[in-house]
Amino acid sequence: MSEEIQQLVLWLIPVAPLASAVITALLGPKLLRYKSHLPCWSALAVSFVCSLILLLKILPSMGSAAVDPSEVGTFAGPQVLVSGYEWLNVGDLHANIELRADSITAIMLTMVTGVSLLVSIFGSGYMSHDPGYPRFFAAVSMFVFSMCMLVLSGSFALLFVFWEAVGLCSYLLIGFWYQKPAAAAAAKKAFVVNRIGDFGLIMGIFLIWTNFGSLDFVTVLSDSARIAAVEVKNPGVIQLICFCLFLGAMGKSAQFPLQVWLPDAMEGPTPVSALIHAATMVTAGVYLVARCTPLFVMAPNAQLAVSAIGAATAAIAALTALTQMDLKRVLAYSTVSQLGFMFMALGCGAASAELVTPAVTAGMFHLFTHAFFKALLFLAAGSVMHAMGDVIDMRRFSGLKHALPITHWTFLVGAAALAGVPLLAGFWSKDDILAVLSEASHSKEHGLFFGVIWAVATGTAFLTAFYTFRAYFMTFCGPEKFPAEAGHHPHEATPIMAWPLRILAVCAALIGLAVGPTHLFANYLQKTMGLTPVPPDSQHLHWDVMALSSVVAIAGIGLAWMFYVASPKIPGAIASAMKPLYLISQGKFFLDEILKALVVLPLVGIAKLATVFDRGVIDCIVDSIGAIPKALSSIPRQFHTGVVSSYAGFMWAGVVAAVVLVLTMF
Amino acid sequence: MIALLFITLAIPAVTSLLLMLFRNSLNQSSSRWIACCGSAVALLFSVLLLSQYKAVTVDPLGTGNIPALSSADASSAVHPKAEFRRPWLATTDRLQLEMYFGLDGISVTMIALTTLLTTCSVLISWEAIKDRASEFYAAVLILETGLIGVFCSFDLVLFYIFFEMTLIPLFFMIAIWGGADRRWAAIKFFLYTLAGSLVTLSGLIYVVLYVAKQGLVNPTSIPALSAWLVANPLPASLQVPLFLAVSAGFLIKVPVFPFHTWLPLAHVEAPTAGSVMLAGVLLKLGSYGFLRICLPLFPEASLSIGLPVIGLLSVIGIIYGSLCALAQKDIKKLVAYSSVAHLGFCMLGLFALNTEGITGSILQMINHGLSTGALFLIVGMVYERYHTRMMDDLGGLATRLPLITVSMVFISMSSIGLPGLNGFVGEFLSLAGMFKENRLYAALGTTGVVLGAWYLLTAVQRVFFGTLHEPHHGDHDDEVSDMNAREFMAIAPLAVLCLWIGLKPASLIEIIEPDVKAVVDVLQGVRSVAPAATTAEVENQATDAIVFASARLEE
């Protein structure tokens, strides 16, 4: 394929959605109206096709001959570079608009454009009567553009630009129904909490810039000798950089304690939750950490922190999900929990150098499969919501399997994939993570640490199966019950909503089997810059781990069946027996309240204090200084009484004084 | 090019003269049309000026062969690219004072910003100013004249005259057309900034006399003075006190914490046009003064005192201003405090004293002018409709005012530094520049990015989102309409520029780059020569400076 066509293909991936966003934003409200999905659909289709061409045709044809393999410590793989224009070029700071694609980019792009195409098709059915229809598609197109650019960025500077841009789109889409106070508040919360993470990312970028003298991925990441040299020059700096970058990842990927924004983000339209807050944007943090593997390898403590935070997040979110009654929130907490799984895996490189690549592969594989089944679950939940007249509280409906057959079986596939039922997508990727963790737990140095993480992961996998099927049984099984808002005959998803569900269900069922045990995914991903390919003979299936995780999944599902189908009295009994624990879980570990008490209220207090200080102290000093001349003038003013006789008196005194003076001088 | 400059300078002056002369025969409608035409023509000429400047000086091929365009010494930190010099005031053998108008990249962009914001101010005052309209517009245009004058003055006398000239029209704008507490606000604004600039004046007089005694024949010319001081640096014992004295007026003007308390008051009381001009351009006179006078004349002191002390004050200003903004109930006051924080970024970058920082600082000046100017425009539009600025009285306006809401969200994003819009470029460069010099300051300053998003998005959420909640506004409750064509004309160019600078900052950076380089070269020269002053020395100098400054104040 000629170079021009390659460049064109690469440009089309982000530019098509951008064009759609601009067209829809300008023409949507007046001209396109309820046809606003057309530009979006076609642009996303173009992007998806181009991503596939990149994935299947361009990159495999490149080979890894680009860089001399004899150079020790230089990681390189096939990559495509396309330069745009000079963006910022000041002093030592160089950041240009350019695209760079390698294996990890291609995988992310295909996933992002594919899922967003399906979601946008679903969305046109879901949003069909909304007055903000054009706005929805403009923002979704804008989001896809930003997300594509995020993974196509070849430098930290450009990555940051689109890191923020996806945050903006998320803000606009969470607050889509801006009349709802909860939605407006959730949008702001998401943006501000993300900014806390961005603080870390900016610091990390500055540190990289001052230490490496460049922000380019190739310069910074491709040469391990160079990274080692930087570390020798400033011991500890790589670790600091990693912590800063990870803070950014924690914000975007909703890791403890910054995860508070994601459940609230469910105030947005459900297709948005599926696309941005489950499948794509929230995985940007995972992508960032995976991308910066060469840096993290040099900072074992940072890797341990990544694993530990991941494990804590996964466990806390799973425990919270156990008792939530809002179907979308259960899914949101499960997203947080699954992101925690990905981070757990990414940190495993700390155990031994051989584990680095398998660890990143496992994390990225879970990201990939998760996108499909979680998008599916959200869209199915959206279909439930659509049928139930926007009611999402699981206590208000049940037994929907006859009323909503398509939604039912697609949700079931998604739930089984998430729970890790053997052979479905989630099974393979979760299995990879558990395998990496169990291998890490056998290492000498951090064996105990990873042993604990592995135990947490296995426990969380059990909880995942349980809460997922709790939601499934509560929604689709039991006596048929509809809320009043739904009317008497809830309507099943229209074809335009049903087909994306079906396609995603097929993906959720088969994609893991297709690319997991065949090592297609691993072999492809490992050509990414910064990863050292694992020789094929050392890749094998972990039968023991598989057996265990199958048992765990089945046990979780079985327990959920027992609790919510066989004898539905048990949960209530347990809840009242362990009231405090139940309340903690239902109250989401009171993290919102804790953060409010520890961060928000003190800051607001300080802010109020600052205003008082401003008026009472600083301004007061200024005014007092201003009053000095007036005060000084008050003394001479006493004499200017305006009474002629007193002036005469002063005159007389003056004359006397002068006479006395003259007399004494002689 | 210099002819274009004089035309740009003369148009507002002549227009305001006309407005004053015929004030009795002009009604509201005719005076606003005259002012609109005057400011629009000035804008047109400033854009012509900018494009011609770019054509002459920017070197697209990168050959580096830009012809020397002025008489300034190559070692000077200030190089006007076009100049107009005439003997003035005194011409003896030993002293040749001259008036020195000039243009460099920084001034030419600031002039364009001034004319743009003046036009917006006239448009936004269209309905709001009913009494004594012709006087009002005359004041706006005199203000514009003064501001353009400051930016094209390259000698200290002219600079100071124009600098002070800007005070008077704004004083009247606040005192006559302002809010309830307008008299007090105007007097405080006037006296506070005047007191500061008198200290500056005394410092400048001292420098001029000192250098004249040493033998420089044209000591008021900034380029000549800078070149002279590069060759013959002031002794350290003089440099620091003089730096502080000259800084005084600029510190208050910017304003740097803790000299900012006049600003929220003035903003709240000023009419919308006054706030736009004040925040958009007038505050920049402070940072521009630092850039044009303090850094070139006192490079050592800028490094020894400016970087640590003013850097710290800027950091405090960023955090403190943001916190104060967070606690405000009046949305205009919130924007006013946000200015304190944004100018903190500007000063932080400036006193990083390196290429990244100073470039970022200049961009931040322009960006703050655009985005805060636009924020004041929007606040004005809301006020004009509801006669309140209290956020508690307003809510959910997005339903009623969709276009205004879209602009508000857009401008807020620019103001909180979203990449792709202008605010980010300035903030990022300023912080990056400071990060090279002092990581702690930069890290603390970056927290302002979080706080900025918090207070501004909170304001957006409270006023524009949620359920509709309008105050009672007279008898015609349903007559509140969205943005009209005139208001759109005022805000659209600002929004377009916000996007343009964000997407292609290079088009602006290439204009100012050579001028930044000249300043940085001088500072680098000092850095490489002077050993770092010990802490004790610095402290002594600081004490001296305070004594000196207070002595000056008494004078």
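**Two helix pairs in chain A**

Helices α3(A) and α20(A) are roughly antiparallel to each other, because their angle of about 150° is over 145. The model on screen is predicted.

Start by selecting residues 103-126 of chain A, which form helix α3, and residues 495-515 of chain A, which form helix α20. The axes of the two helices lie 7 Å apart.

On α3(A), select L118(A), V119(A), I121(A), F122(A), S124(A), G125(A) and Y126(A). On α20(A), the partners are I496(A), M497(A), P500(A), I503(A) and L504(A). Coloured by class, the residues of this contact come out as 10 nonpolar and 2 polar, with no charged residue.

Now move to the second pair. Select helix α11 (residues 270-279) and helix α16 (residues 356-387), both of chain A. Their axes come within 8 Å and cross at roughly 160°. That angle makes α11(A) roughly antiparallel to α16(A). The crossing of α11(A) and α16(A) is right-handed.

Which residues of α11(A) and α16(A) meet? From α11(A), pick T270(A), P271(A), S273(A), A274(A), L275(A), A278(A) and A279(A). From α16(A), pick A371(A), K374(A), A375(A), F378(A), L379(A), A381(A), G382(A) and M385(A). By class, the contact of α11(A) with α16(A) contains 11 nonpolar, 3 polar and 1 charged residues.

Note on methods. Residues are numbered from 1 along each chain as its sequence is written. Chains are lettered from A and ligands numbered from 1 in the order in which they are written. This is a predicted model: local features need pLDDT of at least 70, side-chain atom pairs count only at pLDDT 80 or more; totals for chains, interfaces and linings use all residues. Axes are lines fitted to C-alpha atoms, for helices over the stretch in contact, and angles run from 0 to 180 degrees between N-to-C directions. Helices (H or I, at least four residues) and strands (E, at least two) are DSSP runs, numbered from the N terminus. Angles under 35 degrees count as roughly parallel, over 145 as roughly antiparallel, 65 to 115 as roughly perpendicular and the rest as oblique. A crossing is left-handed if the near helix is turned anticlockwise from the far one by less than a right angle, and right-handed if clockwise. Two residues are in contact if their C-beta atoms, placed from the backbone, lie within 7 Å. Ala, Val, Leu, Ile, Met, Phe, Trp, Tyr, Cys and Pro count as nonpolar, Asp, Glu, Lys and Arg as charged, and the others, Gly among them, as polar.
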